[in-house]
Amino acid sequence: MRNATEKSTDALWKKDEKGKPACPLFGKCGGCRYLDLTYEQQLAKKQKLVRRLMEKHCRVKPILGMKDPWRYRHKVQAVFGLDRKKNPVSGVYEEKSHRLLLVESCLIEDQKADEIIGTIRQMLRSFKIRIYDEDTGYGLFRYVMIRKGRFTGEIMVILVTASPMFPSRKNFVNALLKAHPEITTVVQNINDRTDSMVLGERFQTLYGKGYIMDELCGCRFKISPASFYQVNPVQAAALYKKAVELAGLTGRETVVDAYCGTGTIGIIASGKAGRVIGVESNPEAVRDCVSNAKANGVKNIRFYRDDAGRFFKALAEEKSSVDVVLMDPPRAGSSREFLEALGALGPKRIVYVSCNPETLERDVTVLEKEGYRAEEVWPVDMFPWTAGVEAVCLLSKLKSTQHFSVEIALDEVDITAAESKATYEEIKKYILEKHGLKVSSLYVAQVKRKHGIVERSNYNTGEEKAKVSNVTPEKERAIEDALKHFKMI
Ligand code: SAH
């Protein structure tokens with residue numbers, strides 16, 4: 001297995017000296033599908049995926065990758081079972097099967113979490129605790145989940161058992177703390193479900209406060225055993241920073257944070273907004289939102305436990321005035337009800353954070369019909385070595401004059417209908433980013449004219465008089481590509 005202290009981002013360990021894949025589970029566990037690529041290659045692949053889906057809507061910015069893409073997962077879970085000799089083992093289920101694959105150390109998981117799980121494996125043996133058997137339903141011990149605050153270093157261990165009865169529980173916890181004094185809290189979760197969900201509904205704190213704290217973008221957040229918190233805090237910070245930046249807040253806006261989880265994005269944005277409203281359906285997460293707002297001394301935020309679609313419908317019916325909507329739905333994307341209500345509500349800007357570019361693309365198409373224009377999308381590599389890619393997309397309301405007036409130079413204000421799609425600067429920037437070519441406004445104007453797009457009579461007349469030679473075929477193709485991209489031809 002690859003040396004854990006190795007910092008290189010190359011797939012040097014694709015094969016070990018004997019020619020075997022360096023991670024014994026490569027191709028089996030279903031997690032790291034890109035272990036046979038270098039980090040740069042996988043970033044390019046993810047960029048391409050987002051480009052393929054989103055290019056027809058807006059500019060695709062360069063992916064935000066990690067400096068050190070290893071051991072980024074701060075939430076780690078392990079399933080427990082028995083080997084042939086009836087010794088406790090732990091790992092993950094093989095993809096699309098129920099076969100347990102043994103994991104001792106995983107290159108994308110926090111190292112300390114792996115060590116604690118290893119200690120628990122040994123302790124189960126010495127304490128003679130019975131491992132749960134899925135087939136018979138007998139036995140006690142099922143899963144371990146570890147959550148760690150990257151910034152605070154706080155560690156929560158969740159011991160998942162089939163029943164509340166845990167013999168010598170006190171001694172077990174004491175021995176675990178002795179081996180790992182860095183653990184700050186231990187929680188027992190009782191899970192008698194027969195599906196593959198790791199956590200059941202009942203929790204019992206065995207040591208410490210029953211939750212951990214972490215810090216992101218200068219704000220502190222409470223992480224309860226079951227609440228959603230991004231597993232890669234380094235990239236979560238990069239993502240939230242970008243989302244708040246795209247929101248373009250001046251301190252006066254009314255902002256809604258939809259699908260707000262534990263309130264992270266809304267709380268981070270609150271310092272730059274007039275007021276923030278958070279909506280989230282999970283009651284435990286909403287409780288965390290409230291304590292997170294208190295922990296950060298945020299007074300201009302309110303949270304609602306509701307379905308985002310229903311909540312937005314009510315906001316739209318009440319004709320509430322909302323300037324910016326930040327939204328971060330689950331993988332399945334948003335509901336039609338939500339998107340239509342969002343269109344009716346009509347905020348100036350929408351910042352859509354997505355963990356699934358396919359549903360992002362689908363929902364952006366709906367929002368375009370609702371009168372929005374996608375401006376730019378930033379892919380973010382939240383899960384290095386896996387195929388997953390996160391993205392944040394800015395959309396702005398087409399009819400709103402306020403937004404454009406601050407961004408467009410006077411020269412560009414008097415525009416024809418066709419030109420309203422993109423400014424010369426946007427076209428030139430797109431060509432430089434995508435084709436690596438610098439083109440003049442005059443060239444763009446020539447190609448536009450060729451395609452019947454009417455030019456303003458006074459545009460660049462000085463240059464025209466100079467009779468600059470005609471645009472090269474390469475540049476012409478690049479300009480045409482840009483005009484197509486901005487749906488002008
Ligand atoms: N923005 C948060 C959480 C994003 S995860 C963060 O970055 O931490 C998506 C969240 O949407 C989850 O907390 C989930 O509970 C919530 N959710 C899912 N469906 C919902 C719905 N229909 N209405 C409101 N919230 C929903």
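Me: What makes D328 buried?

Reply: D328 has 25 C-beta neighbours inside 10 Å. A residue is buried if 20 or more other C-beta atoms lie within 10 Å of its own, partly exposed below that, and exposed if 12 or fewer, with C-beta atoms placed from the backbone. So D328 counts as buried. One caution: this is a predicted model, where local features need pLDDT of at least 70 and side-chain atom pairs count only at pLDDT 80 or more, while totals for chains, interfaces and linings use all residues. Residues are numbered from 1 along each chain as its sequence is written.

Me: Which residues does D328 touch?

Reply: Leaving out residues up to four places away in sequence, D328 touches Y259, I265 and V353; contact means C-beta atoms, placed from the backbone, within 7 Å.

Me: How do you know whether E280 is buried or exposed?

Reply: E280 has 28 C-beta neighbours inside 10 Å, so E280 counts as buried. UniProt lists E280 and D328 under "binding site" in an unreviewed entry, along with Q230 and Y259; such annotations may be inferred rather than shown by experiment.

Me: And why is C355 called buried?

Reply: C355 has 20 other C-beta atoms within 10 Å, and is therefore buried. UniProt's unreviewed entry places the feature "active site" at C355.

Me: Why is helix 1 called roughly parallel to helix 9?

Reply: Helix 1 (residues 39-54) and helix 9 (residues 357-369) pack at an angle of about 20 degrees. Angles under 35 degrees count as roughly parallel, so helix 1 is roughly parallel to helix 9.

Technical notes
Axes are lines fitted to C-alpha atoms, for helices over the stretch in contact, and angles run from 0 to 180 degrees between N-to-C directions. Helices (H or I, at least four residues) and strands (E, at least two) are DSSP runs, numbered from the N terminus. Angles under 35 degrees count as roughly parallel, over 145 as roughly antiparallel, 65 to 115 as roughly perpendicular and the rest as oblique. Two residues are in contact if their C-beta atoms, placed from the backbone, lie within 7 Å.
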